[in-house]
Amino acid sequence: MRRPPEFLLRFTRAERWVHRTTAALMLTCLATAACLYVAPLAELVGRRRLVVTVHIWCGLALPAPLLVGLTSRALRADVSRLSRFTDVDWAWLRAVRTRAAERPAGKFNAGQKLYAQWTLGAILVILGTGLLMWLTHLAPPAWRTGATFVHDWLAAAIAVVTVGHIRMALRDGEARRGMRTGLVDRRWAEREHPEWREHPQREAAERG
Amino acid sequence: MGRRVVLGLLGLGAAGVAAGPYLQRAQDTVAGKDPTGLTGLLPGGGGFRYYSVVASVPDRTPATYALTVDGLVDRPATYRLPDLQAMPQRRIVRDVQCVTGWRVPNTPFEGVPLAHLLDTAGVRPGARAVRFSCFDGEYTESLTLEQARRDDVLVALRMQDAVISHSHGGPVRLYVAPMYFYKSAKWLSGITVTDAVQPGYWEQNGYDVDAWVGRSNGRDDAPTA
């Protein structure tokens, strides 16, 4: 496929599908959770066994897109970018705190790295506590009470953070285009992600 | 930073599971003293939760409600709400414990002891169990005859000292004080005396038939009766 020179490839097809399926699974989990625990919604929807079944299977499937996606070299490169916090990222955080205009960033800024790490950690914890609640003979009852407690509060936190994620996306059409089509405007990339390099190692090394 | 966020969340999650029972109790204590009811909005907040296994449950008014008693009895009968209200009533105040973990302290239920209805119908020899059906068209429950005759098992007409609302299973629901709350079937419409226990709706999905609070379903809650 020929790409116009004013565009940069930000996300490959594999990466976009990992994002899309993870988002769909997570939103389904949140929606079914609301139907199980928000009383007016529960009264409206009912069908408890069906809703529980959908919730459990979408929850179990939550890490699957990422695991399958790891076969993609582009996704592995982005995982390595996201898991590395460099001086550039500390500078970005300082710039946000002092409301400075110039905010240096590689392919991903520090906020996006924190969000990605939050997502991975939250998925693992919500999945682990969910398993404890589902496989009731796996652990003593006290664990299950604790798991339910963590699951409830973390679910609420995930809902809040996800709303924040969607708000950020709504404010930046170019970032959305990157996730929708894979391509972003070169000038946007130079403005928002000046330190973005083709190879993650180089991105990290230049500001060692 | 880097991977520390992920590891931190995992650590926090594990600590939360360990400390959860204590934190949940603390949250419930605070919620119990909260006059505004705002704590009910917190995740895992106190109070009753609405569970229904069907899409929508029809409304039954005092004019349209009917309870049938049949099966292995000498005198099958159908009762209207005023018939039930005219029978001897009993008020019980105990905690309600759901098998999913939530507990509501000191909840009054009032209604006709199930034993009275069984005696009125005349249970035949050979009967060993009671099956309950509901006007949501789907939910079922069951008790052994011995359990059904306990004096803390009611056909409840009132809850929290008021008429039972539709979302709490009104106008008439079962109340089985010593067992997990799924035994207290909402929207009760039928009582059938049978020769053997037929597992109810959730029991066909893995829950215990003898659902004593604290001694079943792998849980160790404090008994409610």
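## Salt bridges within the chains

A residue counts as buried when its relative accessible area is under 20%, as exposed when that area is over 50%, and as partly exposed in between. In this predicted model, Glu174(A) has a relative accessibility of 13% and is therefore buried. Its salt-bridge partner is Arg177(A), with the closest N and O atoms 2.9 Å apart. Arg177(A), at 26% relative accessibility, is partly exposed. Both residues belong to helix α9 of chain A, residues 173-181, where they are three residues apart and so separated by about one helical turn. An α-helix has 3.6 residues a turn, so residues three or four places apart point the same way.

Over all chains, the structure holds 15 salt bridges. Two of them are in chain B: Arg103(B) pairs with Asp95(B), the closest N and O atoms being 3.0 Å apart, and Arg150(B) pairs with Asp152(B) at 2.9 Å, N to O. Arg103(B) is partly exposed, with a relative accessible area of 27%. Arg150(B) is also partly exposed, at 31%, whereas Asp152(B) is buried at 4% relative accessibility. In chain A, a network of salt bridges links Asp78(A), Arg81(A) and Lys107(A).

## Helix α7 of chain A

Helix α7 of chain A covers residues 110-134, which is 25 residues. From its first C-alpha to its last, α7(A) reaches 35 Å, close to the 36 Å expected at 1.5 Å a residue.

The buried residues of α7(A) include Trp118(A), Ile123(A), Val125(A), Ile126(A), Leu127(A) and Leu132(A). Also among them are Lys113(A), Gln117(A) and Thr129(A).

## Contact between chains A and B

Chain A and chain B bury about 3,000 Å² between them, with 68% of that area on carbon and sulfur atoms. On the side of chain A, Arg48(A), Arg49(A) and Phe149(A) lose the most area to chain B, together 20% of what that side buries. The contact takes 36 residues from chain A and 34 residues from chain B.

Zero salt bridges are counted between the two chains. Five residue pairs are in polar contact across chain A and chain B, both members at pLDDT 80 or more. The elements of chain A that give two or more residues to this side are α1 (13-37), α2 (39-45), α3 (48-61), α6 (87-97), α7 and α8 (141-171). Of these, α8(A) gives the most, with twelve residues. By residue class, the side of chain A that touches chain B divides into 23 nonpolar, seven polar and six charged.

## Backbone geometry in chain B

Most residues other than glycine have a negative phi, and most peptide bonds are trans. Gln160(B) has a positive phi, near 55 degrees, and phi of Asp161(B) is near 55 degrees as well. The loop between β7 (153-159) and β8 of chain B contains Gln160(B), and Asp161(B) is placed in the loop between β7 and β8 too. Gln160(B) is partly exposed, with a relative accessible area of 39%, and Asp161(B) is partly exposed at 40%.

A cis peptide bond joins Gly170(B) and Pro171(B), with omega about 5 degrees. Pro171(B) is in the loop between β8 (162-163) and β9 (173-176) of chain B.

Definitions and conventions
Residues numbered from 1 in each chain as written. Chains lettered and ligands numbered in written order. Predicted model: local features only at pLDDT ≥ 70, side-chain atom pairs only at ≥ 80, totals over all residues. Heavy atoms only, no water. Helix = DSSP H or I, 4+ residues; strand = E, 2+ residues; numbered from the N terminus. Expected span 1.5 Å × (residues − 1). Buried < 20%, exposed > 50% of the residue type's maximum accessible area, 1.4 Å probe, protein only. Contact = heavy atoms within 4.5 Å. Buried area = accessible area lost by both parts, 1.4 Å probe. Salt bridge = Lys/Arg side-chain N within 4 Å of Asp/Glu carboxyl O. Polar contact = N/O pair within 3.5 Å; in protein donor to acceptor, adjacent residues only side chain to side chain. Nonpolar A, V, L, I, M, F, W, Y, C, P; charged D, E, K, R; others polar.
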